[in-house]
Amino acid sequence: RDLFRATDAFERRAAGHGRIAGLGLPVPTRKDVHYGPHQRNALDFWQARSDKPMPLIVFIHGGGFVTGDKADIPPKSLRRALDAGVSVASISYRFLPQAPVQDILRDCARAIQYIRFHADEFRIDSNRIAAFGNSAGAGTSLWLAVHDDLADPNAGDPVLRQTSRIAAA
């Protein structure tokens, strides 16, 4: 058990530092993309190999809204998605007490909206976006799946005009 924990911790620390010998962990296609105004509103993106728009799965880290990071994406899940031709994004969000939970949830919704706004650049099918996570990330994924759409057609910010809906959690 300790060996597995140590391996998972090593893979998480290694994420984003190139291919790790024997692990095959890919470098993000885009790293530290800021989807909102706050320092922690950042995502890493891995493009699936394809000439056409592909589905996207978004990883939302856990940590009880007080800890965690986009680098915590499970390497096996990342590899499995990319091998299946699915692009992947991993997002970070603000923590308590910097922001109340409802604002943290909206950070995650904004990440979805940002990606959707840039769907052509990311080469993703904006109708095929799913989310998953652990702990707080799992709850946030479910919240995104069942919450009313947060799109505001009158927003001055064009990102906020995009739908926050996801196809699966």
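Trainee: Where is the place of Phe-65?

Mentor: Phe-65 sits in the loop between E3 and H2. Helices (H or I, at least four residues) and strands (E, at least two) are DSSP runs, numbered from the N terminus. Before you go on: this is a predicted model, where local features need pLDDT of at least 70, side-chain atom pairs count only at pLDDT 80 or more, and totals for chains, interfaces and linings use all residues. Residues are numbered from 1 along each chain as its sequence is written, and side-chain values use heavy atoms, with hydrogens and water left out.

Trainee: OK. And what's the phi of Phe-65?

Mentor: Near 65 degrees, a positive value in a residue other than glycine. Most residues other than glycine have a negative phi, and most peptide bonds are trans.

Trainee: Speaking of peptide bonds, which one is cis, with omega near 0 degrees?

Mentor: The bond from Leu-96 to Pro-97 is cis. Pro-97 is in the loop between E4 and H3.

Trainee: Switching to the sheet, what's the strand order?

Mentor: E1-E2-E4-E3-E5, an open sheet of 5 strands with mixed pairing. Two strands pair if DSSP finds at least two bridges between them.

Trainee: Which are the edge strands?

Mentor: E1 (30-34) and E5 (124-133), each pairing on one side only. The twist averages 25 degrees from one strand to the next. For angles and axes, lines are fitted to C-alpha atoms, for helices over the stretch in contact, and angles run from 0 to 180 degrees between N-to-C directions.

Trainee: How do E2 and E4 pair, parallel or antiparallel?

Mentor: Antiparallel, over 4 bridges, with E2 at residues 42-46 and E4 at 87-91. Leu-43 has Ile-91 in E4 as its bridge partner.

Trainee: What does H2 touch on the sheet?

Mentor: H2 (residues 75-83) touches E2, E3 (54-60), E4 and E5, and its direction makes about 150 degrees with that of E4. Contact here means heavy atoms within 4.5 Å. H5 packs on the sheet too, touching E3 and E5, at about 140 degrees to the direction of E5.

Trainee: At what angle do the axes of H3 and H5 cross?

Mentor: Roughly 65 degrees, with the axes of H3 (101-117) and H5 (136-146) coming within 10 Å. That makes H3 roughly perpendicular to H5 (65 to 115 degrees counts as such).

Trainee: Which residues meet there?

Mentor: From H3, Leu-105, Arg-106, Cys-108, Ala-109 and Ile-112; from H5, Thr-140, Trp-143 and Leu-144.

Trainee: New topic: how many salt bridges does a search of the whole structure find?

Mentor: It turns up 8, counting a side-chain nitrogen of Lys or Arg within 4 Å of a carboxyl oxygen of Asp or Glu. One of them joins Lys-70 and Asp-32, at 2.7 Å from N to O. That pair links distant parts of the chain, 38 residues apart: Lys-70 in the loop between E3 and H2, Asp-32 in strand E1.

Trainee: Last one: what does Asp-125 touch?

Mentor: Asp-125, in strand E5, touches Pro-53, Met-54 and Pro-55, leaving aside residues up to four places away in sequence. The C-alpha atoms of Asp-125 and Pro-55 are separated by 5.3 Å, though the two residues are 70 apart along the chain.

Methods. Parallel < 35°, antiparallel > 145°, perpendicular 65-115°, else oblique.
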